[in-house]
Amino acid sequence: MQCSVEEVLDVIGAKWSFLILRDLIEGPKRFGELLQSLKGASPKTLSVRLKELERHGIVTRTVYPEIPPKVEYALTEKGLDLKPIFREMKKWGCKWLK
């Protein structure tokens, strides 16, 4: 296997990206829900990060034909593959950081 930790971090390690993924693991979210959860993130930064994650095939964006328009973000199958990693990080944090 040629992949390295650095390559993974290039994809999911940008500021806010990991926390966006954390929120989406719980299920689809609207832009406003993500923004509210990420205290301190600007709307522009959130938009950029979501587009990057979408470009990498980790997040999908669904626009519903409603008025006002409804847009939801969710993890793809590729994104859901990160779930065990988040679970293990949480276990590690509970064991060593409390």
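1. Helices here are DSSP runs of H or I of at least four residues, strands are runs of E of at least two, and both are numbered from the N terminus. This is a predicted model, in which local features need pLDDT of at least 70, side-chain atom pairs count only at pLDDT 80 or more, and totals for chains, interfaces and linings use all residues. Residues are numbered from 1 along each chain as its sequence is written, and side-chain values use heavy atoms, with hydrogens and water left out.

2. Pro28 sits in the loop between α2 and β1 (29-30). Pro28 is partly exposed, at 47% relative accessible area. The classes are buried under 20%, exposed over 50% and partly exposed in between, with a 1.4 Å probe and protein chains only. Pro28 touches Glu72, Tyr73 and Ala74, leaving out residues up to four places away in sequence. Contact means heavy atoms within 4.5 Å. Pro28 and Ala74 are 46 residues apart in sequence, yet their C-alpha atoms are 4.4 Å apart.

3. Overall layout. The protein chain has 6 helices and 3 strands. From the N terminus the order is α-α-β-α-α-β-β-α-α. The C-alpha atoms fill a box of roughly 45 × 35 × 20 Å along the principal axes. Of the 98 residues, 28% count as buried. Among contacts between residues at least 6 apart in sequence, 47% join residues at least 24 apart.

4. Surface and charge. The protein chain exposes about 7,200 Å², and carbon and sulfur atoms supply 58% of that area. Accessible areas come from the Shrake-Rupley method with a 1.4 Å probe; for residues, only the protein chains shown count as cover. There are 18 positive and 13 negative side chains, and the centres of the two sets lie 6 Å apart. Lys and Arg count as positive, Asp and Glu as negative; His and the chain ends are not counted. Each charge is placed at NZ of Lys, CZ of Arg, CG of Asp or CD of Glu.

5. Ile58 deserves a look. Setting aside neighbours within four places in sequence, Ile58 is in contact with Val11, Ile12, Leu21, Leu53, Ala74, Leu75, Thr76, Lys78, Gly79 and Leu82.

6. Helix α2 has these buried residues: Ser17, Ile20, Leu21, Asp23, Leu24 and Ile25. Ser17 has a relative accessible area of 1%. Beyond four places in sequence, Ser17 touches Ile12, Arg49 and Leu53.

7. Arg49 also pairs with Glu52 in a salt bridge, at 3.3 Å from N to O. A salt bridge is a side-chain nitrogen of Lys or Arg within 4 Å of a carboxyl oxygen of Asp or Glu. The two residues are 3 apart in helix α4, so about one helical turn separates them. Arg49 is buried at 17% relative accessibility, whereas Glu52 is partly exposed at 25%.

8. The structure holds 4 salt bridges. Another one joins Glu72 and Lys70, at 3.8 Å from N to O. Glu72 counts as buried at 18% relative accessibility, and Lys70 is partly exposed at 23%. Glu72 is also among the residues that Pro28 touches.

9. Lys91 and Glu88 form a salt bridge too, with the closest N and O atoms 3.2 Å apart. Both lie in helix α6 (residues 83-96), 3 residues apart, so they are separated by about one helical turn. An α-helix has 3.6 residues a turn, so residues three or four places apart point the same way. Glu88 is partly exposed, with a relative accessible area of 44%.

10. Ala41 lies in the loop between α3 (31-37) and α4. Is Ala41 buried or exposed? Ala41 is buried, at 13% relative accessible area. Apart from residues up to four places away in sequence, Ala41 touches Trp16 and Leu35. The C-alpha atoms of Ala41 and Trp16 are separated by 7.4 Å, with the two residues 25 apart along the chain.
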